[in-house]
Amino acid sequence: MSDSEHSDTASGASTHEEKPTPTPEQVAESDSFKQHANKKFQENHHVEAIDLYTKAIDLNPGNHILFANRSFAHIKLENYGSALIDASESIEIAPSYIKGYFRRGTAYLALGKLKQAKQDFTKAVKIEPKNTDARKKLDEVTKALRQERFSEAIGVDTAPPVTVDASKIEVEASYDGPHLEDGRVTAKFMEELLEHFKSEKKLHKKYAYMIVTQVRDILKAEASLVEVDVPKGEHITVCGDVHGQFYDLCNIFQINGVPSAENPYLFNGDFVDRGSFGIETIFTLFGYKALYPQHMHLNRGNHETVNMNKMYGFEGEVVHKYTRDMMDLFTDAFRWLPLSHVINDKVLVLHGGLFSKDETNLQDLKKIDRHCEPPDDSCPMTELLWSDPIDIPGRQQSKRGVGVAFGPDVAERFLKANNLDMLVRSHECKDEGYEVDHGGKTVTVFSAPNYCDQMGNKGAFIRFESDMKPKYTQFDAVPHPNARPMQYAGMGGFNLMQFLGGN
């Protein structure tokens with residue numbers, strides 16, 4: 001990948017200081033690392049690219065392009081905090097380098113910091129007034145900021161939940177999909193629904209509204225922390241992110257059986273966004289939730305939020321396939337999703353990770369008033385959606401710019417204080433579909449194989465029986481119809497895809 005093909009992002013306080021002048025040999029070796037990193041970036045091996053860019057920077061720390069390129073790789077991994085730092089360093093070294101502002105503006109945008117993003121794209125336009133791409137991105141951010149201010153002015157967050165009287169919606173004779181019987185989801189309906197979706201057909205809007213409304217009411221009655229019992233002789237399957245990859249979700253059911261009273265599931269957030277079959281995915285999960293409310297468990301992820309849905313495609317998909325009212329109804333239902341589950345009093349399952357304070361405990365999680373968008377400040381709700389484990393002791397600033405990075409000692413103290421054995425979380429793509437950290441105390445499970453049709457990773461799920469010993473199953477991606485990832489981004493909010501491109 002050439003220098004012009006990647007560089008974008010940064011923030012945070014600059015670490016700039018006088019850089020030592022590298023020797024010609026160091027420059028040559030740094031350039032070699034950079035070329036290898038560019039190749040890994042093109043191959044979507046972003047973790048390896050970051051490692052190679054770091055080696056290049058160590059040899060030539062005054063090269064602003066290296067920081068911008070590493071920033072872009074961090075963006076691809078959703079490490080927006082690290083991307084901000086690198087882009088800011090690039091800007092500090094070379095204030096007129098436009099790609100530094102592109103990268104930092106993109107990272108700010110992904111974090112929902114529209115004002116800061118606008119400042120960076122404004123600067124980019126000032127540097128290159130004739131750069132049409134810079135001006136287009138500035139226009140997109142300005143438009144999004146205007147929409148955000150309008151929403152704040154009319155009090156969208158505090159507006160009463162949308163209600164739709166589905167009984168008044170007629171089902172056309174031409175509709176050839178499944179029908180709800182007396183408004184109830186049945187096993188037969190779900191079987192027919194999955195086949196209907198596989199044929200690339202839509203669920204009728206009458207039944208779509210009914211299912212989302214029913215599930216919203218079910219979720220509303222649940223606690224922020226749900227306790228699940230797995231008696232002797234029974235089991236539960238825990239799945240990680242599925243991200244709108246409907247056909248891979250169906251493959252999970254092919255391997256492990258469909259949800260039922262005898263085959264319960266817990267899906268650990270990030271049901272939608274990125275994959276372009278989010279509607280099919282969420283109606284499958286919500287349909288089974290309506291059918292088996294005590295045996296189909298759902299946690300909220302950081303992508304069951306307004307800002308993420310605007311940027312990563314789900315809002316655009318819903319508006320394209322249904323209506324704006326449908327999206328508003330989903331938003332309300334997502335806000336009622338539980339934030340965590342405890343299985344047999346021993347395994348805590350939540351989407352992201354642990355907390356900035358040791359004092360935070362299970363009782364605090366039970367008390368969270370969750371029916372809202374995650375607050376911007378550090379609080380248990382935001383942290384449990386966004387945090388990640390690290391291998392070194394203690395806590396660090398999150399590479400994502402939200403939440404915290406927590407070490408093995410933090411996990412051990414939390415588990416011991418709450419009489420737990422294990423933390424199961426998701427939130428990160430893993431090459432093998434799962435990863436065991438912290439001496440077996442923290443496990444990541446990710447159930448979207450070949451994430452975004454690019455990453456080449458396996459998917460995985462975990463089966464727990466009453467002894468709470470995890471049994472892992474890995475699986476590969478399956479074919480799906482021709483729909484690119486984030487195909488609907490920009491149809492409901494702004495188009496993040498253009499910001500993740502090569503400028």
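Reader: How much space lies in the largest cavity?
Author: About 40 Å³ of space lies in the largest cavity of this predicted model. A cavity is a set of points on a 1 Å grid over the protein atoms alone where a 1.4 Å probe fits but cannot get out, and its volume is the space filled by probe spheres set on the points.

Reader: Which residues line the largest cavity?
Author: The lining, meaning residues with an atom within 4 Å of a point, consists of Leu 354, Phe 355, Lys 357, Asp 358, Thr 360, Arg 395, Val 410 and Phe 414. By class there are 4 nonpolar, 1 polar and 3 charged residues.

Reader: Turning to His 235, is it buried or exposed?
Author: His 235 is buried, with a relative accessible area of 11%; buried means under 20% and exposed over 50%, with a 1.4 Å probe and protein chains only. His 235 lies in strand β2, residues 235-239, a strand being a DSSP run of E with at least two residues.

Reader: What should I know about the numbering and the model?
Author: Residues are numbered from 1 along each chain as its sequence is written. In this predicted model local features need pLDDT of at least 70, side-chain atom pairs count only at pLDDT 80 or more, and totals for chains, interfaces and linings use all residues, while side-chain values use heavy atoms, leaving out hydrogens and water.

Key. On a 1 Å grid over the protein atoms alone, a cavity is a set of points where a 1.4 Å probe fits but cannot get out, and a pocket is an open set with protein on both sides within 12 Å along at least five of seven lines; lining residues have an atom within 4 Å of a point. Ala, Val, Leu, Ile, Met, Phe, Trp, Tyr, Cys and Pro count as nonpolar, Asp, Glu, Lys and Arg as charged, and the others, Gly among them, as polar. Helices (H or I, at least four residues) and strands (E, at least two) are DSSP runs, numbered from the N terminus.
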